[in-house]
Amino acid sequence: MMGYARDERLALCGVLDEAGPRQPTLCEGWATLDLAAHLVIRERRPDAAVGIVGGPLAAYTRNVQRKLAVRTPYARLVETIRNGPPRLSPMRIADEQVNLVEFFVHNEDVRRARPGWEPRAISRDLADALWHRLRMARFVLRKVPVGVEFARDDEPEPGRPGSPVPARVRITARARTPAVTVTGAPAELTLWALGRTGVARVRLDGSEDAVRALKAATWGA
């Protein structure tokens with residue numbers, strides 16, 4: 001397993017090790033222990049992982065997660081995450097596709113739950129990878145009451161290398177009017193799209209009513 005997903009996995013495990021089992025996260029109701037148990041279930045318990053997204057098996061998934069958190073030492077949970085899914089698991093084969101955003105966001109769920117956090121520096125290549133995956137937000141935001149367009153503000157203006165004036169590279173996440181433009185770096189847009197709106201450093205542009213409606217909306221992630 002190589003690539004940005006692997007890097008984010010290792011970074012998250014380092015943050016979990018440092019934090020210990022009882023620190024808060026941005027996942028409502030979850031401490032770091034609960035987050036670690038969730039990630040182990042996602043990769044190691046396909047019978048319970050089905051209920052992660054809700055539905056009739058959600059209660060079963062919650063019960064399995066609760067028991068795992070109680071019965072398994074925290075350090076073992078983190079080491080299991082660090083080692084990745086079983087060798088022949090589809091989750092290992094498709095690691096970059098299914099895990100990059102998952103581990104990036106959960107890394108920030110731990111980091112940004114701490115007082116005094118600051119965004120970490122990420123590479124241009126990782127930013128590009130996150131940007132390309134933002135197209136999945138079309139599904140996440142499909143029920144919000146206004147249109148949503150993402151504008152990337154960390155790109156130099158084409159034809160002017162090093163220009164301080166950013167070129168807005170755009171993705172339409174929800175085609176509807178009125179629309180709101182959400183501007184930021186790919187990492188911040190990713191966090192915003194997946195519901196971490198309170199900590200994502202983005203700017204919302206649009207009519208006052210449209211921006212207000214978007215801020216009041218909730219969506220699953």
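User: In this predicted model, what makes strand 1 (residues 147–152) mostly covered?

Analyst: Five of the six residues of strand 1 are buried. Buried means under 20% relative accessible area.

User: How do you know that strand 1 pairs with strand 3 (residues 179–184)?

Analyst: Pairing takes at least two bridges. Six bridges join strand 1 to strand 3, and the two run parallel. Within this pair, Phe150 stands opposite Val182.

User: What makes strand 1 and strand 2 (residues 169–174) a pair, and is the sense parallel or antiparallel?

Analyst: Five bridges link strand 1 and strand 2, in the antiparallel sense. The cut-off is at least two, so they pair. Ala151 stands opposite Arg170 of strand 2.

User: Why is Thr80 called partly exposed?

Analyst: Thr80 has 22% relative accessibility. Buried needs under 20% and exposed needs over 50%, so a value in between is partly exposed. Thr80 is found in helix 5 (residues 74–83).

User: Which residues does Thr80 touch, not counting residues up to four places away in sequence?

Analyst: Val40 and Arg44. Contact means heavy atoms within 4.5 Å.

User: What makes the approach of the Thr80 side chain to Arg76 a polar contact?

Analyst: A polar atom of the Thr80 side chain lies 2.8 Å from the backbone oxygen of Arg76. The limit is 3.5 Å.

User: How do you know that the span of helix 1 (residues 4–19) agrees with what it should be?

Analyst: Helix 1 has 16 residues, which at 1.5 Å a residue should span 22 Å. The expected span uses one less than the number of residues. The end C-alpha atoms are 22 Å apart, so the values agree.

User: Which residues of helix 1 are buried, and what puts them on the same side?

Analyst: Ala5, Glu8, Arg9, Leu12, Cys13, Val15, Leu16 and Ala19 are buried. They cover an arc of only 160° around the axis, so they are on the same side of helix 1. Their cover includes helix 2 (32–44), helix 5, helix 7 (95–111) and helix 8 (124–133).

User: Why are Cys13 and Cys27 called buried?

Analyst: Cys13 has a relative accessible area of 0%. Cys27 has 10% relative accessibility. Buried means under 20%, so both count as buried.

Key: Residues are numbered from 1 along each chain as its sequence is written. This is a predicted model: local features need pLDDT of at least 70, side-chain atom pairs count only at pLDDT 80 or more; totals for chains, interfaces and linings use all residues. Side-chain values use heavy atoms; hydrogens and water are left out. Buried means under 20% relative accessible area, exposed over 50%, partly exposed in between (1.4 Å probe, protein chains only). Helices (H or I, at least four residues) and strands (E, at least two) are DSSP runs, numbered from the N terminus. A polar contact is a pair of N or O atoms within 3.5 Å; within protein, one must be able to donate a hydrogen and the other to accept it, and residues adjacent in sequence count only if both atoms are side-chain atoms. The arc is that of the directions from the helix axis to the C-beta atoms.
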